[in-house]
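Colleague: Could we go through how the chains of this assembly meet one another? I would like to begin with the pairs and then turn to the details.

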Amino acid sequence: MKRTQTLWIPFQLLTYVLMLAALYAIFFFAPVEKTMGVIQKIFYIHVPAAFLAYLAFFITFMASILYLYRKDSKWDTVAHCAVETGVIFCTIVLITGPIWAKPVWNVWWTWDPRLTTTLILWFTYVAYLMLRRSVKENQRANLSAVFGIIGFINVPITFFSIRLWRTIHPVIITSRGINMSWPMKLSLLITFIAFCFLFFSVLISRIRLEQLKMRIEEINDTMDDMNIGLAQKLVKGI
Amino acid sequence: MKFVHQLEAIIWKDFISEFRTKEMILSMCLFSFLVLIIFNFAFGSSINLDRGMIAGILWVAFVFSGLTGLGRSFNLERDRGTLQGLILCPVSPWTIFLAKLIGVFLFTTVMEIFTIFIFSVLYNATVLPFLVPLGLIVFLGTLGFTAIGTIFSAISATAKARDVLLSILFFPISVPVIIASVKSTAIILNGKSFQMIFPWLKILVAFDLIFLLVSYLTFAYILEE
Amino acid sequence: MDNSIYLFAAFSITWTVIFLYIFRLFRSQKALNSQINEIKKTLQENIEMKERHS
């Protein structure tokens, strides 16, 4: 416990530095793309955010299974916090995607399999958060875990069904092929690593917050009992 | 054998309580009828509607009406306080799930038969020559969405805003079923060959099997207190 | 370059979303910290009361 505590501040500092490095790489190191122009640089946010969103929901999936198996509330906390972080990154994907698409392909939205699956993913995990708010506390962890499992399993099936649907209709945008020179690849790598650090910073902060909240609740409950005992003692003493 | 008897007992219980009032089946049929009519107003003159579009309308009617039936599947149990009794029975959770699923599936199928009839009239769709492939698609699709609907009905049974929560949980997960069912129905109604719907049928079968398996593994946790 | 406005919009929205979330976490942390302080205070008062009465 102590060791992870002392590593935490350097970790966050490293995140900050890496994000600055990424910004530098995006704007001054990576060349401007020939056909799309400056707008292509959104790609450096869009791709890592998408990967991390899916990673977050995979973490939820594994944590949900571990929770049902071990019944340790730590896993429920991890699952729940990963969903929150995942929704944040998924929102970023779904906003940067259309902002990129509009000037380049003149449409805000395409029913592209990847973008559509990501939209459904977003809805699924917002539904997870709604579920947590609606059910009673004693069942919350169990039900969330089941939904976390179902939600993730649904992703590949959804992707394939949408892809099958789109191959029958002519697709406006066929591929996002971008010829990447090595400075671009390096910039992508730097940004990707920076976002990974950011992701885990946010996730771990959220988990620690949640654990702190749970411990305070525990203390409050014990306090109430203690106070009652204490108050009774005081009353008897009068 | 005991498993089948237990299953029968629960299904029979649901059937009897429904036949006393016939409330659910009547409202499901009326609702799907209403949905079909409303879509006519939504899309203007309906005579020349694309087959693909009316396949979509049909399935929207199925799903929305089916949801009202699904909502009641566990809600009634909770309201009448019989859910505890059901859990206390020496019956495996999956038996309860299957029994509920079969009950809802049968009611929904009755509603769908009625809906297809109305649909063929209102939208001038020729259905009779395609009855077998259509029946297969409807069977697989209905099984899919009633299976996940039953799981989520159990999950949202104890929640405050249960019907809304059921819908919110249901729709993202049911996307593959809806896409596959609508597309294959459109193909069939257009008179294309049966072979063309094979990929969609594969998706439907995969979906059904996967979610039946998931319910088998997790339903016990849903019923735990 | 007209497209730059889109680039700016994308980056600023991304940063805003992330910072809003971090800010929310920060506010929760402050609320929890003040709860901890209250608990400490109550505990201290109780211990003093107990000492006075024993």
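**Chain contacts**

Modeller: Chains B and C have no contact with each other, and their closest C-alpha atoms lie 24 Å apart. Please keep in mind that this is a predicted model.

Colleague: Which pair of chains shares the most contacts?

Modeller: That is the pair of chains A and B, out of the 2 pairs of chains in contact. In that pair, 26 residues of chain B meet 29 residues of chain A.

Colleague: Which elements of chain B give two or more residues to that side?

Modeller: They are α7 (162-189) and α8 (198-223) of chain B. The largest share comes from α7(B), with 10 residues.

Colleague: And what is the make-up of that side of chain B by class?

Modeller: The side of chain B that touches chain A has 20 nonpolar, 2 polar and 4 charged residues.

Colleague: Turning to chain C, how many of its residues are in contact with chain A?

Modeller: For chain C the number is 23, and they touch 27 residues of chain A. By class, this side of chain C has 14 nonpolar and 9 polar residues, with no charged residues.

Colleague: A change of topic: what span does helix α2 of chain A reach?

Modeller: Helix α2 of chain A covers residues 43-70, which is 28 residues, and reaches 40 Å from its first C-alpha to its last. That is close to the 40 Å expected at 1.5 Å a residue.

Colleague: Which residue follows α2(A)?

Modeller: The helix α2(A) is followed by A:Lys71, which has a positive phi, near 55 degrees.

Conventions
Residues are numbered from 1 along each chain as its sequence is written. Chains are lettered from A and ligands numbered from 1 in the order in which they are written. This is a predicted model: local features need pLDDT of at least 70, side-chain atom pairs count only at pLDDT 80 or more; totals for chains, interfaces and linings use all residues. Two residues are in contact if their C-beta atoms, placed from the backbone, lie within 7 Å. Helices (H or I, at least four residues) and strands (E, at least two) are DSSP runs, numbered from the N terminus. Ala, Val, Leu, Ile, Met, Phe, Trp, Tyr, Cys and Pro count as nonpolar, Asp, Glu, Lys and Arg as charged, and the others, Gly among them, as polar. The expected span of a helix is 1.5 Å times one less than its number of residues.
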